[in-house]
Amino acid sequence: MGITEKIKAIEEEMAKTQKNKATEFHLGQLKAKLAKLRSQLLEPAKAGGPGEGFAVKKYGDARVALIGFPSVGKSTLLATVTDTKSRTAEWEFTTLTCIPGIIHYNDTKIQLLDLPGIIEGAAQGKGRGRQVVAVAKSADLVLMVLDATKEGEQKHKEILEHELESVGIRLNQNPPDIYMKLKKGGGLSFNSTVPLTKWGADPKKLAYTILHEYKIHNVEVIIREDCSIDDFIDVIEGNRKYVKCLYVYNKIDMIGMTQVDELARREHSLVISCNLKLNLDGLLKEIWHGLGLVRVFTKKKGERPNFDEPLILTLGRGGVNVKAAVTQIHKEMLADLKYAIVWGLSAKHSPQHCGLEHVLTDEDVIQIVTKTAEEQRHAKNYGQRVQQYYDAYHE
């Protein structure tokens with residue numbers, strides 16, 4: 001029996017099993033087995049040559065992936081908001097590879113990827129599904145493009161969410177607050193700082209059952225939130241990707257206003273029309289906020305700020321604090337940083353002297369103040385740094 005057949009058999013058994021106190025440990029064991037099999041399904045083949053994939057180099061300040069069924073308007077959306085021309089047609093599966101484009105918005109460059117349409121069963125490799133979801137894992141934001149005319153008849157949103165969840169992509173979720181550390185001995189140390197309402201009568205026994213399935217016997221576990229068993233399995237697997245997702249309903253010019261209003265009120269949702277170019281400015285604005293991009297302008301002492309070339313900080317790529325800004329200028333400046341002077345909304349008073357962990361907001365102005373030569377000589381690691389520079393010079 002292959003991995004796909006085993007997954008199907010476990011899913012059928014879970015569907016038939018009633019949820020009660022007598023079956024909670026059995027269901028927990030089945031969930032652990034299912035997660036292990038899905039991870040094995042995504043592993044690349046050991047034998048043979050390299051598989052065919054989408055080799056797209058990361059470019060710009062952030063990456064956005066277009067996910068959706070065939071013929072929902074992904075290629076049209078790419079051609080509308082970028083300068084890239086992607087092939088469009090009325091038949092399905094027009095796009096057969098990954099086509100990148102660049103969105104220029106608020107002094108930033110956002111890479112937009114038009115991926116081939118995926119079908120039900122993509123997690124098992126149908127319709128180049130594995131290559132598509134692999135690119136989605138590398139994205140900072142997922143745009144799930146849906147056909148507004150078919151939303152009432154077909155559950156495309158639920159199908160796509162299930163396919164992405166099957167490969168370890170968690171949409172609009174935060175990593176669970178669970179601490180887990182392997183030990184050399186001592187067995188299982190299980191503690192929780194909050195009541196676990198989703199774990200049944202004996203959470204420790206259930207955790208032991210799941211960990212035993214992964215052959216983990218000596219471990220310390222501390223749970224700090226009322227999470228589910230699936231969240232605990234995600235922490236054990238350690239390969240989950242937590243990505244923000246925006247549900248974009250296209251072709252609203254073909255439905256009534258009542259349905260448009262209902263779709264627009266859904267959580268993390270936006271309605272557009274690529275054909276009539278409706279609400280595309282709102283889409284770009286939501287992409288900007290979803291990526292958590294922050295523009296920071298630099299300033300030299302005694303001079304005006306440089307408003308032409310801002311530093312672009314991304315929440316998912318290094319953070320949006322002073323440390324990330326200094327690192328982007330030059331990582332060696334961190335050792336010589338004395339403090340930063342910040343003007344803007346993030347400052348309690350303007351200007352404010354801030355440390356490395358100060359969180360910046362959009363359009364802040366920052367001035368870096370470094371240590372003097374005398375202060376650098378009195379630093380603890382001064383001799384080590386001098387030796388490193390000496391060795392690098394004489395190489």
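A charge is said to sit over a ring if NZ of Lys or CZ of Arg is within 6 Å of the ring centre and within 35 degrees of the ring normal. In this structure, which is a predicted model, Lys-157 meets that description, for it lies over the face of Tyr-247 at 4.3 Å from the ring centre.

From this ring we can turn to the rings that pair with one another. A pair of aromatic rings is described by the distance of the centres and the angle of the planes. The count of such pairs here comes to four. In one of them, the rings of Tyr-105 and Trp-288 have their centres 6.1 Å apart and their planes at 65 degrees, and because planes over 60 degrees apart count as edge-to-face, this pair is given that name. Tyr-105 belongs to strand β2 (residues 99-105) while Trp-288 belongs to helix α9 (residues 280-291), so the pair ties together parts that are 183 residues apart in sequence. Trp-288 has a relative accessibility of 6% and therefore counts as buried, since the limit for that word is under 20%.

Another edge-to-face pair is formed by Phe-297 and Phe-307, with 5.0 Å from centre to centre and 65 degrees between the planes. Phe-297 is found in strand β11 (residues 293-298) and Phe-307 in strand β12 (residues 306-314), and the two residues are 10 residues apart. Phe-297, at 6% relative accessibility, counts as buried, whereas Phe-307 is partly exposed, with a relative accessible area of 46%. Elsewhere, Phe-190, Trp-199 and Phe-232 form one aromatic cluster.

The next part to look at is a sheet. Three strands form this open sheet in the order β6-β8-β7, and their pairing is mixed. Strands β6 (178-182) and β7 (188-192) stand at the edges, where each has a single partner strand, so one side of each is left without a neighbour in the sheet. From one strand to the next, the twist averages 5 degrees. Strand β7 runs parallel to strand β8 (residues 219-223), and five bridges join the two; Ser-189, for example, has Glu-220 in β8 as its bridge partner.

Helices accompany this sheet. Helix α6 (residues 203-213) packs on the sheet and touches β6, β7 and β8, with a direction that makes about 135 degrees with that of β7. Helix α7 (residues 229-237), for its part, lies across β6 and β8 and runs at about 40 degrees to β6.

Notes
Residues numbered from 1 in each chain as written. Predicted model: local features only at pLDDT ≥ 70, side-chain atom pairs only at ≥ 80, totals over all residues. Heavy atoms only, no water. Pairing = 2+ DSSP bridges. Helix = DSSP H or I, 4+ residues; strand = E, 2+ residues; numbered from the N terminus. Axes fitted to C-alpha atoms, helices over the stretch in contact; angles between N-to-C directions. Contact = heavy atoms within 4.5 Å. Phe/Tyr/Trp six-rings, centres within 6.5 Å; stacked < 30°, edge-to-face > 60°. Buried < 20%, exposed > 50% of the residue type's maximum accessible area, 1.4 Å probe, protein only.
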